[in-house]
Amino acid sequence: MVLKNIISAFRYMRRPRVTRLYPEIRTQLPERFRGLQKLDKSKCIGCGICANTCPNCAIKIVRARVRKDSTKTRWFPEIDVGHCMFCGLCIDQCPQKALSSSKIYTDGIVTWKHEDLLFTPDKLAREEPIDAPEAEQ
C-alpha cells in the first residue's frame, strides 16, 4: 500500500501544476461574476426592497449622511458581507438600480474579525476605502 502511494506520487510529479499562484497572478473572472455590491447613493431612495428580498437577512436599512461633508441624512442599505451569499437578489430587485455588482471578491473581505465585514453605506459607495479600519466609537 505504501509503495503504491509512492509510485503514484512520482507519477504525478511529472505532470504540469494545476494550482494557481494567487494573489500574484489574479484569476480571470467571467463577465457575469457577482462580487461585492456597490451602492450609488444618488440613485438610492431608501425603499428597503433590497433588505426585504435578502434570503439571509444580511441587509439592514440605516440612516447615513448623503455625502461625507454634508449633514443631511437619508436611508441607505448596510450589508453584512459575512452573512451575504452573493445571490444578487438585492441587485435584481432594486427599482432604481442603485445596487450593482463589482469584481471585488477578496480585497477587504478577507479579515480576522466579523465586525470588519459590516459594510456601511460609505464603504458600499466606495467613499472610504474598503480595507480602512472602522473609527472607534
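Biologist: How do β2 and β3 pair, and over how many bridges?

Modeller: β2 and β3 pair in the antiparallel sense, over seven bridges. Keep in mind that this is a predicted model.

Biologist: Which residue in β3 does V62 stand opposite?

Modeller: V62 stands opposite F76.

Biologist: What about β3 and β5?

Modeller: Strand β5, residues 118-119, also pairs with β3 in the antiparallel sense, over two bridges. I79 has F119 in β5 as its bridge partner.

Biologist: What order do the strands of the sheet come in?

Modeller: The order is β2-β3-β5, in an open sheet of three strands with antiparallel pairing. β2 and β5 are the edge strands, as each pairs on one side only.

Biologist: What do strands of a sheet pair through?

Modeller: Strands of a sheet pair through backbone hydrogen bonds, and the pairing can be parallel or antiparallel.

Biologist: Changing topic. How many salt bridges does the structure hold?

Modeller: There are three salt bridges in the structure. In one of them, the side chains of K41 and D122 meet, with N to O at 2.7 Å. K41 sits in the loop between β1 and α2 (49-53), while D122 is in helix α4 (residues 121-124), so this pair links distant parts of the chain, 81 residues apart.

Biologist: Are those two buried or exposed?

Modeller: K41 is buried, and D122 is buried as well. For K41 the relative accessible area is 6%, which is why K41 counts as buried.

Biologist: Which other residue forms a salt bridge with K41?

Modeller: E127 does, with the closest N and O atoms 3.4 Å apart. E127 lies in the segment after α4 and K41 in the loop between β1 and α2, so this pair ties together parts that are 86 residues apart in sequence. E127 has a relative accessibility of 29%, so E127 counts as partly exposed.

Biologist: And which residue does E78 form a salt bridge with?

Modeller: E78 forms a salt bridge with K60, and the closest N and O atoms are 3.9 Å apart. E78 is in strand β3 and K60 is in strand β2, 18 residues apart, and the pair links distant parts of the chain. E78 is buried, with a relative accessible area of 10%.

Biologist: Where is D80, then?

Modeller: D80 is found in strand β3, which covers residues 73-80.

Biologist: What is the nearest side chain of opposite charge to D80?

Modeller: That is K60, at 8.5 Å. D80 is buried yet has no salt bridge. A salt bridge needs the nitrogen and the carboxyl oxygen within 4 Å.

Biologist: So what is D80 in contact with?

Modeller: Leaving aside neighbours within four places in sequence, D80 is in contact with A58, H114, L117 and L118.

Biologist: Next, the loops. Where is S70?

Modeller: S70 is in the loop between β2 (59-65) and β3. With a relative accessible area of 13%, S70 is buried.

Biologist: Which backbone nitrogen does the side chain of S70 reach?

Modeller: The side chain of S70 reaches the backbone nitrogen of K72, at 3.0 Å.

Biologist: And where is the place of R26?

Modeller: R26 is in the loop between α1 (2-13) and β1 (37-39). The relative accessible area of R26 is 43%, so R26 counts as partly exposed.

Biologist: What is R26 in contact with?

Modeller: Apart from neighbours within four places in sequence, R26 is in contact with T106 and D107.

Biologist: Last topic. How many disulfides does the structure hold?

Modeller: Zero disulfides. C54 is in none, and the nearest cysteine sulfur to C54 is that of C87, 6.2 Å away.

Biologist: Is C54 buried or exposed?

Modeller: C54 is buried, with a relative accessible area of 14%. C87 is partly exposed, at 24% relative accessible area.

Technical notes:
Residues numbered from 1 in each chain as written. Predicted model: local features only at pLDDT ≥ 70, side-chain atom pairs only at ≥ 80, totals over all residues. Heavy atoms only, no water. Disulfide = S-S within 2.5 Å. Buried < 20%, exposed > 50% of the residue type's maximum accessible area, 1.4 Å probe, protein only. Helix = DSSP H or I, 4+ residues; strand = E, 2+ residues; numbered from the N terminus. Lys, Arg positive; Asp, Glu negative; His and termini not counted. Contact = heavy atoms within 4.5 Å. Polar contact = N/O pair within 3.5 Å; in protein donor to acceptor, adjacent residues only side chain to side chain. Pairing = 2+ DSSP bridges.
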